[in-house]
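Here is a short report on one protein model. Look at the sequence and the structure first, then read on.

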Amino acid sequence: TISETVTENDETIVKTIRINRRDTIFTYHEKKLQARLELFAIDSLGNKIKNPKIRIEEFVATRMEPLLNYVFFDHGSDQIPKRYVTITSKDLDKFIVDSLYKNSTLDIYYHLLNIIGKRLKEYPDAKIKIVGCNSNVGIEKGNLELSKRRAESVKRYLVDVGNIDPKRIEVSFQNLPNKSSTPFQNELKAEENRRVEIYSNHPEILKPVTITTFERKSSFDKIGYTIEITADTNIDEYRVELFVGSDTAFSFKGRGGKSFTSSSEVDFSQVIFRSYISQIKKIIGNLVVKDVFDRITVSKDSLTNFEAISYVKEKELTEGAYKIDYYRLILFDFDKWNIEGKNRWIVEYIKIKVSPSSSVEIIGSTDLTGEVENNKTLSQKRAESVRQALGIPNAKAIGLGEAKLEFPNELPEGRFYSRNVVIVIRKRIK
């Protein structure tokens with residue numbers, strides 16, 4: 001602002017101009033961006049423990065996964081669902097069944113058509129029969145044309161991708177399967193009946209998938225982590241990484257928000273499976289946070305108290321070391337426990353693998369359909385029937401019923417695989 005004043009006397013006139021100026025000083029305050037990562041182990045009871053002693057054991061293991069010879073279809077559809085793994089003819093030449101050793105049971109099953117295609121090429125005298133079926137409910141009722149198209153879609157894949165002579169593949173079609181799930185009006189049972197069945201005159205085509213691999217067992221079930229981010233600005237991205245040695249064993253990215261705290265967990269097996277057991281001395285966690293101004297902050301934590309033991313190399317064998325084999329029997333019909341067909345072959349195969357020093361555990365399961373108590377009894381009968389078939393009276397037979405559903409029961413293949421018995425053989429290595 002400017003103001004003027006004038007004063008005068010007999011000798012002078014004084015004009016005063018006053019200028020008032022106000023300055024504002026701006027002080028830049030650094031925006032807050034802080035992050036904290038905490039790792040912990042979670043035991044089978046769900047207890048969270050900070051940096052406990054963690055024991056990792058590695059075993060030679062044989063997995064036997066029966067090959068469910070059904071392809072299930074969506075309601076009214078003749079297209080092979082996308083959950084089944086389809087590949088090109090060139091990829092099938094490179095496809096190796098043993099490469100699936102890290103895959104779950106269902107992931108192996110979703111390679112069903114590729115496994116069959118590979119085996120048909122290995123056994124040129126083998127033939128297969130494809131039977132298309134429908135649920136005989138709703139738009140599928142009496143729809144033999146749909147059953148036929150389903151069978152032909154499976155044949156077309158094997159011919160095109162496997163370069164299989166069409167004359168080696170017989171196609172037939174009908175309404176309900178011969179061993180249909182009942183009552184077929186029930187939606188879950190209808191899902192199971194919307195299928196294509198595959199049969200062969202050669203035992204090698206549909207035999208169980210046997211894979212010899214390494215298994216890891218941890219004294220803790222999961223690794224948990226908590227992240228805490230404090231910021232005055234929006235977060236552009238944050239990333240949690242777990243390292244075993246120099247290998248990235250787990251990674252998760254998130255975006256957005258300002259200040260928050262969250263916790264999550266990951267299976268121990270997922271973190272330690274891909275690393276050599278000699279590398280499992282420390283698990284290092286990194287939390288990297290970047291805000292919208294591209295400023296970055298990092299927080300680290302680690303689990304350091306590991307005891308890793310391998311029973312694979314002879315020089316590392318110790319008293320009490322053992323080899324562990326897993327064998328799975330499936331295809332028990334609904335509410336049945338008798339051993340027949342491919343299950344009988346598996347039982348005879350397993351008999352050879354059992355020595356006097358082996359301990360054998362037989363675990364029976366069911367799917368979620370049916371009454372809980374009935375399923376408990378049914379699973380026990382399945383375990384007992386396998387023990388009797390194996391001729392091992394001191395084997396431990398356990399019926400879990402539907403208490404521990406190993407496979408997603410919202411899928412028909414998940415329910416079929418849940419109607420199983422798992423045989424675990426622990427053999428001490430001298």
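How are H3 and H4 oriented to each other? The two helices are oblique to each other. Angles under 35 degrees count as roughly parallel, over 145 as roughly antiparallel, 65 to 115 as roughly perpendicular and the rest as oblique.

This is a predicted model, where local features need pLDDT of at least 70 and side-chain atom pairs count only at pLDDT 80 or more, while totals for chains, interfaces and linings use all residues. Residues are numbered from 1 along each chain as its sequence is written, and side-chain values use heavy atoms, without hydrogens and water.

**Two helices that cross**

Helix H3 covers residues 112–122 and helix H4 covers residues 144–162. Their axes come within 10 Å and cross at roughly 55°. Axes are lines fitted to C-alpha atoms, for helices over the stretch in contact, and angles run from 0 to 180 degrees between N-to-C directions. Helices (H or I, at least four residues) and strands (E, at least two) are DSSP runs, numbered from the N terminus.

The crossing of H3 and H4 is right-handed. That word applies if the near helix is turned clockwise from the far one by less than a right angle; anticlockwise is left-handed.

On the H3 side, Leu 113, Asn 114, Ile 116, Gly 117 and Lys 121 make the contact. Their partners in H4 are Val 154, Tyr 157, Leu 158 and Gly 162. The residues of this contact divide into five nonpolar, three polar and one charged. Contact means heavy atoms within 4.5 Å. Ala, Val, Leu, Ile, Met, Phe, Trp, Tyr, Cys and Pro count as nonpolar, Asp, Glu, Lys and Arg as charged, and the others, Gly among them, as polar.

**Backbone exceptions**

Most residues other than glycine have a negative phi, and most peptide bonds are trans. Asn 51 has a positive phi of about 50°. It sits in the loop between strand E4 (48–49) and strand E5 (54–65). Asp 294 also has a positive phi, near 65°. Its loop runs between strand E15 (283–291) and strand E16 (296–303).

Asp 294 is exposed, at 54%. Buried means under 20% relative accessible area, exposed over 50%, partly exposed in between (1.4 Å probe, protein chains only).

The peptide bond from Thr 182 to Pro 183 is cis, with omega near -5°. Pro 183 lies in the loop between strand E8 (169–173) and helix H5 (187–193).

**Aromatic pairs**

Rings of Phe, Tyr and Trp (its six-membered ring) pair if their centres lie within 6.5 Å; planes under 30 degrees apart count as stacked, over 60 as edge-to-face and the rest as tilted. The count comes to 13 aromatic pairs. Two of them are shown here.

| Pair | Centre distance | Plane angle | Type |
|---|---|---|---|
| Tyr 84 and Tyr 110 | 5.5 Å | 85° | edge-to-face |
| Tyr 225 and Phe 250 | 6.1 Å | 50° | tilted |

Tyr 84 and Tyr 110 tie together parts that are 26 residues apart in sequence. Tyr 84 is buried at 4% relative accessibility, and Tyr 110 is buried at 10%. Tyr 225 is in strand E11 and Phe 250 in strand E13, 25 residues apart. Both Tyr 225 and Phe 250 are buried.

Ring pairs also link Tyr 84, Tyr 109, Tyr 110, Phe 407 and Tyr 417 into a cluster.
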